[in-house]
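Student: I have a chain on the screen and would like to learn how to read it. Could we go through it feature by feature?

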Amino acid sequence: MEETKLKTGKYALTYGLILGAISVAFLLMLYSLDMHYQGGPMVMGVSLLITIAVIAIGMVQFKKDNGGFMSFGQGLKVGVGIGLIAGIIGIIFNQILAGVIDPEMMNKAMEYQKGLLMENPKMTPAQIDAQMEMAKKFSTPSMQIVFGLVYIVVSSFILSLIPALILKKKETIQ
């Protein structure tokens, strides 16, 4: 049983590092296009597809190396571990990007968001200003790290559920 824990950790670390490297490359690509502060459905969709693919590949490899067996819990451990390792790498790189590479990133993001809010005819200028003030409170590095980690754990758990259910195969005791 203890060997299995080490095994899931090894796969979480390996594929988490792979996903982290892919995420950094994707963020650098967005930076080169000056889109790193915009987000949006297309960026989110690509990020989700990459994350799901790497989590599923990590689970498949674990199952293959484990004699074709993987419990639901082992699948979740591998998936959440992959997401957590990659997320920590992403948070660290994002802090470097916002603090060193592009110190104006947060201001650009705030201006971009304000522009999107101003396009909404149902929002008054007072509502827009209130929303921007609230966003400023949550844009400090410490808040980004805390909310980032919570988001990572929850989203990697959710994204791991379906692959873990599909790939699970328990060993039968004879």
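This is a predicted model: local features need pLDDT of at least 70, side-chain atom pairs count only at pLDDT 80 or more; totals for chains, interfaces and linings use all residues.

Student: How many helices and strands does the chain have?

Tutor: Helices (H or I, at least four residues) and strands (E, at least two) are DSSP runs, numbered from the N terminus. This chain has six helices and zero strands, so its pattern along the sequence reads α-α-α-α-α-α. The C-alpha trace spans about 70 × 35 × 25 Å along its principal axes.

Student: What span should helix 2 have, and what is the distance between its end C-alpha atoms?

Tutor: The expected span of a helix is 1.5 Å times one less than its number of residues. Helix 2 has 25 residues and should span 36 Å, and its end C-alpha atoms are 36 Å apart, which agrees. After helix 2 comes Gly67, with a positive phi near 75°.

Student: Which residues of helix 2 are buried?

Tutor: Buried means under 20% relative accessible area, exposed means over 50%, and partly exposed lies in between (1.4 Å probe, protein chains only). In helix 2 the buried residues are Val43, Thr51, Val54, Ile55, Gly58, Met59, Phe62 and Lys63. For the chain of 174 residues, 32% count as buried.

Student: Is Leu28 buried or partly exposed?

Tutor: Leu28 is partly exposed, because its relative accessible area is 39%. Leu28 belongs to helix 1 (residues 2-32).

Student: How far apart in space are Met110 and Met70?

Tutor: They are 45 Å apart, C-alpha to C-alpha, and 40 residues apart in sequence. Met110 is in helix 4 and is buried, with a relative accessible area of 13%.

Student: How many aromatic pairs does a search of the whole structure find?

Tutor: Rings of Phe, Tyr and Trp (its six-membered ring) pair if their centres lie within 6.5 Å; planes under 30 degrees apart count as stacked, over 60 as edge-to-face and the rest as tilted. The search finds one pair. The ring centres of Tyr11 and Phe62 are 5.4 Å apart and the planes are at 85°, so this pair is edge-to-face. Because Tyr11 lies in helix 1 and Phe62 in helix 2, the pair ties together parts 51 residues apart in sequence. Tyr11 counts as buried at 5% relative accessibility, and Phe62 is buried at 0%.

Student: What does the side chain of Gln74 reach?

Tutor: A polar contact is a pair of N or O atoms within 3.5 Å; within protein, one must be able to donate a hydrogen and the other to accept it, and residues adjacent in sequence count only if both atoms are side-chain atoms. The side chain of Gln74 reaches the backbone nitrogen of Ser71 at 2.8 Å. Gln74 is in helix 3 and is buried, with a relative accessible area of 13%.

Student: What is the volume of the largest pocket?

Tutor: Rolling a probe the size of a water molecule over the atoms shows where empty space is left. On a 1 Å grid over the protein atoms alone, a pocket is an open set of points where a 1.4 Å probe fits, with protein on both sides within 12 Å along at least five of seven lines; lining residues have an atom within 4 Å of a point. Grid points are joined across faces, edges and corners, and a volume is the space filled by probe spheres set on the points. The largest pocket has a volume of about 1600 Å³. Of its 47 lining residues, the closest to the centre are Leu27, Met44, Ser47, Asn94 and Tyr151.

Student: Which helix gives the most to that lining?

Tutor: Helix 6 does, with nine residues.

Note on methods: Residues are numbered from 1 along each chain as its sequence is written. Side-chain values use heavy atoms; hydrogens and water are left out.
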